[in-house]
Each structure stands twice: as structure tokens, then as C-alpha cells.
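I set down each item as I looked it up.

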Amino acid sequence: MRWLTGWSTGTARPGTPAHEAPGTVAPIAARALWTGPNPLWAVGDWRPEEIRLATIRPGAPATVTTGPAGPDPAEDTPATTRLAVLGHCGASDAELAAGLAAARGGAVRHLTAWPGSYTVVLRTGTRSTVLLTDLAGAQPVFHTPWAGGTAYATAALPLADLIGAPLDTGHLAARLACPESPEALGTGTPYLGVQQVPPGHALAIRGGRPYLSAYDEPAGAARQRVEAPAVRELTRALLESVRSRVRTPAPGSAGNGRARLGVDLSYGTASATVALLAAAVPLAPAPGSGVPVQGAPAAGGAGDGAAARSGAVKGSWARPATRPPSAPEQLAAVTLDETETPATLALAPDLPRLRHTVLAPGPGTLPYADLRADPQAGRLTDEPGPELVAAVRAEARFDAGGTDHLTGYGARQVLDGHPARLADLVRAGRPRELLPPVAALAGADRAAVGVLAGALRTPLTVVRAAHRLSRIRYAEALDDAAVRLTLRHVPDGGGTAGARSADDLAWCVPGPAARWLSDEALSAVALRLRLAAREPAPAELPGARRARYALHRHARGFRTLVHAAEQPGQRLHAPFLDNQVVRAARLLPDDVRLQPGARSALLHAVLTGAGRTDLPSDWGRGTRPDRTAPARAGLRLAADGLAELFDAPLLAEAGLIDLAAVRAGLARSADPSTPPAPGTLAGLAELVATELWLRRIRARRHGACWTGLPVAERAALAPARFA
């Protein structure tokens, strides 16, 4: 795990313990980026190019440094301004220097507009620090009061270590009951006293006190947006995001048998789009390869004399690459499925830079595979998430990929029209634009159900739900959600497409694990919703708000996946979660997003704009494989391990679940004669992952992140309060 940490001290409280003196406490194995009363450290396996520092002092030009240089020994003055950009950032040194100069005037939004995924820390003088989160939530920031000031980090667990925080079971209940509801989750974390900065916000610490502000406030009403320029901006943003990663110089660890760059091909049009864009960009050479960095190719072309091959993780194309003998194997494409998807078939064999690898599926690559071994042996992530149950499966895929592995994660949440956006169209006085998406849902239901009646009910059900969401008051909607939660009215993810869309047409929807929570846990979360109902209603439209928080949840899951499955020395990338791609997608009109096959059509337009004009018109719209089959097979094979896991679970000890109902649900799901609904599978994954995480947290009692703390307080967490 890689993380940043630091603090801004204020006036110490009388009687402050010695171990809360900032000069005596420091993170273990950390690299100091700057010192003084507001220090900053980088902890973990950061690459040199992932740490970039810019400084402006009075009477001197800005200086930019990259890599593991130690802290500047020069003493800071109140007029000194420092900028740290950590992670993958496509800005040049000149752009960083110009951005820092502009930030001295107080503007910070431009610091989040560069390609890539990164964290920004801005220090002005000696008493003010500002941290910026990303829009999706893949690069979070956390903070907590400490030593009369505020400590911050890009991971929550180190701050819990620092203050000895117990687990917050109320927050865990909210994550299981309403994982996409800000009214239930608030800004809390699984650790009591540790708070998260919301995505799209800045954390300013002045004099040791934290202040939150939105640097990218979402629009409160629908704007006039035009499709053609929006698609052009999306094409530009996605191209820049992919190119900045492909052109990054290869790390020194490359050449150990792993490709320089990898891409996924198992997950439809999004990963295939990233693969095609990556294959059209010349790769930076590995150190010592003697291969020069080449210029940009013509749009959509691989360029003449490409320095190295691309590898995608799913299979390889037969035509060999023409490259110098000294050039390493650098791009691999990986697939974990047994069958090719239609999006993959569009990758013609005229891309010699793609080396396609198909991983044979087996019991070891199914979800829940690690339950057949020691459940506590897996990696400890910062927070729980359903990605933990499929970590072994993802790890196998990423291990076959590249040193830098590109994925299509987040494309659905960034590009697709959330069903709740139908209510936004009604609010905007455009009800006629509901017709195409509703007709598409009716057609899908008619094909699935096989009778006309099912298709006839769909338009009425969906349109009625859209009109209700457009009219209902915010407070009334939250009160209704609280009642539904306590009555366990939880959608199971089954039924027709129209019914599933109608279930999503609400301000707050219970999560799939809510049906197995205890009465006490459900009542506590319902109380949170009722208290939130007393707050002023948000200015944001309900559909846009639901879509934004669905993106936040998915980005949080991607971060958990990175912690659980990323290989040593490897980096996983999700270009669709970059700020500039998220902003570009916001420009798309709602009716375009809600059209049938919108995501495939948008990605087709992106590839066409990038020069890939040979794709068939129906690219990406074929039949998709059953994504729930691996989960069902994994549940059946891990039935014994799951029974043992829930023999005396910590979730029950904390009073969070109805243990008898959970055991019955596991037994039913493992029965091959009764396939569980998708919502049931998702809910069980949430419960199992949270139980695994709790056990790994409890097993980590002696793994502190800090030096200078008393031995008694060096435990990963204080004795957990499951109450």
C-alpha cells in the first residue's frame, strides 16, 4: 500500500501526552518530502516519477524536482509555496510550475485538470496546507484531530493507528445497508474519529483546524449540452489519459519477464477501447534497451517501427511484431474468460503490438477461492469491500498483465445513464425523451420474458416511477427509504429490466446486503436517514446525484481492488476514473446517455475520432456472457469454508447481522438447483468481504504504522468496540 501522511499543528492542549508531540512521531519507512511544522511523508513503494515537487520562493523562479530527493534544507518563509503531486500525472514540469504560480492566488481547481490519477498537496507559508481529492474518489484523503491540530493521510488505517481508533460499527452497518447513500454514510470511515474528505473537495488546514470546500461543485440544474462537442471532448480526454500512461518511461523493474504494459480484454467495450488506444501509441523504452522514445503516431495507427509490442491480458494476436532484438516484450493483453467477447473480436490481427494471453479458468481463479485456504492470510486493505472475495481471481489476471496494467474500470458509471436520470428529464420538462430508453427496456423484457404482457407493463412501471421521483420531496423520500429499510424491502436484482430500473428510481435505495442485517443495525441506519431528512434538500437533481454516488462507490471498490490484488512493483490504472474523463462525460446530454446501447455507441465514436474507422456499426452490442456464473460456482466450491467462517463471525459479535438468516442464505446460494438472484450474490459478497476484513484487522494487532508511540498504543487498532 502506498500512502501520504502529514499534519498541521495548532495550539497544544494543556496536558497533551508526550507521544502526541509531533517531533517524536513519524511513519515507519517513510520518505520526508518536506519538514517543519507542517511535514509531509510518502510511505510505500513509490516510483521516482510518481513524486514531483515544485517550490516558489520570493525573488526566485519556480523549481520542479522529480524522484526520491530528500527534503529541501532551505528554511521556508511565510511567502514560500510548495506543491507536491503524487501518483500518475501527465503534466510537464512547466505546467506544474505554472499551476503552482496560479495557486498562490487561491485558485486550486486547475491543479486537478491534468491527465492521470494523483493527489495534490499545496503548502503556503508555514501554517497552511491544502489537499485535493479527485472527482471519482479513487484518490481519497482522510483526516483526524491529533496533537492540537489535524493529521491527514491518503489511507484511513494509518490515522486509526495514530489515534488508536476503535472500529465504528455504525458506519459498517451503513455501508452494508445503504452503500451509495451519503445520507447514511456521511463522511465517516470504518474507524471511529477518522473522517473522509468527499470527492471533488479540498481539505484546507489552517492553524491546525480543518476546513472543507467543494472545488468542483456539481450543477444544480440541467444545462444545455450538445452531443458532438461533448463526444469530441470525451475523445480528447480519454486519449490523453491513455497516452500519458503508455508514454511513461518504463520502471527499472521492467524486464523481469512481465510485459511493460498490460490491458484487460475480458470485460467488454471499455477495456477493448483502452486496449485499442494503447496499441496505437509508441511505448517508452525500458532502461538500457537502447530503443529511442518515438513521437506520436498518426491517429489510430500503431506508428512505423513501434519500439515494442503491446500485451493485452486475454490472448495474443498471431502476427509477430517487427522490433529491434534488444526491445523487451512490453504490452500484453489478458482475458480470463473461456469465450471471446464481441468487443474483443473487433481487435483485428493487424495490431502486431498486442500479445494476447488467454488465462484458463479454474477453481483457483473463482471468487471465494482463498476461503479454501486460510481466510486471514490475504492482504489487509484500507477498508472492506466485495472485491476481497474475488481478489485471487483478479490477482491471477493482473499477474499475467504488464508492469503498468490498464483496465476499463469505471466506464459504466462514468458514461452510462443511471436509471434515476429519467426523473431528471421529467423535471427538465422533457418527458418525450423517456420514450427511447423505456421502449428499449420493454424490448429487452419482451425478449427475456417471451410474452407481450411483460413488455406492456414495463413502460407504465418505469414512467410512473420516474414521475414519482421527479415530484417527491427530499425529506419524504428519505423517510420512505427508512421505512423500506426497516421492513427489509430490498431489491434482489432479479426480475425484468423494467422492474430493476423502477427500483433504482429513488433518492435512496437499500444495498443488497441489507436483507441480512439485524433489526438493531437496520434501525440505526434508518435513524441516520431520518435525521438527514431534516437537513436542507440538495440542489443537485436526483438522477445526477444518484449517478455521482454510484461512481464514488465504484471508485472506492477499485481502490480496494488495488490494495488487494496489485502485484509488487506493478501499477493498476483506470483511465475512465481520471478527473478530465469524468468532467468530459458530464458534458454529455442525459438523453444521449439514456439511449439503448449508449456506452458502446459513445466508445465507438471515441475510437472513430481517434482514427479507428474499421469497426462494425454494431461493435460491442452483442450478447454478453453471464457475469454471475463464476460467483455461483465459487460459492458452491467454498461452501465448507463459508460455513466455518460464519460459525462464530465477528459481524454477529458486533450485532450487525441476523446470523440464522445469513446461514440460510449461504446454504440456499450453494444449492445448484436454485440459482441465486444477482442481488443475493452481491449481498453475500459484501457480508463475506466485511467478515474477512474484520478478521484480518483483528489479526493485525502488532502492525503499527508509526514510530515514537508507546508500545501499548502501537496496536493496529485499540481493542475493537463492536457495539
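Which residue in β8 stands opposite Thr81? I looked this up in the model, which is predicted, and found Thr124 across from Thr81.

Entry on the strand pair. I then followed the two strands along their lengths. Strand β7 covers residues 81-89 and strand β8 covers residues 116-124. The two run antiparallel, and I recorded 9 bridges joining them.

Entry on the sheet. I noted that β7 and β8 belong to an open sheet of 7 strands, with antiparallel pairing. Read across, the order is β6-β5-β7-β8-β9-β13-β14. At the edges I found β6 (63-66) and β14 (209-214), each of which pairs on one side only. From one strand to the next, the twist averages 15°.

Entry on helix α1. I next asked which strands of the sheet helix α1 touches. Helix α1, residues 93-103, packs on the sheet and touches β5 (51-56), β6, β7 and β8. I recorded an angle of about 50° between the direction of α1 and that of β5.

Entry on helix α2. How many of the 8 residues of α2 are buried? I found 7, so helix α2 (residues 156-163) is mostly covered, taking buried as under 20% relative accessible area. The buried residues are Ala156, Leu157, Pro158, Leu159, Ala160, Asp161 and Leu162. I then looked up their packing partners, which include strands β1 (3-8), β10 (142-146) and β11 (149-153). Also among them are helices α16 (542-565) and α24 (678-699). Just after α2, I noted Gly164 with a positive phi of about 65°.

Note on methods. Residues numbered from 1 in each chain as written. Predicted model: local features only at pLDDT ≥ 70, side-chain atom pairs only at ≥ 80, totals over all residues. Heavy atoms only, no water. Pairing = 2+ DSSP bridges. Helix = DSSP H or I, 4+ residues; strand = E, 2+ residues; numbered from the N terminus. Axes fitted to C-alpha atoms, helices over the stretch in contact; angles between N-to-C directions. Contact = heavy atoms within 4.5 Å. Buried < 20%, exposed > 50% of the residue type's maximum accessible area, 1.4 Å probe, protein only.
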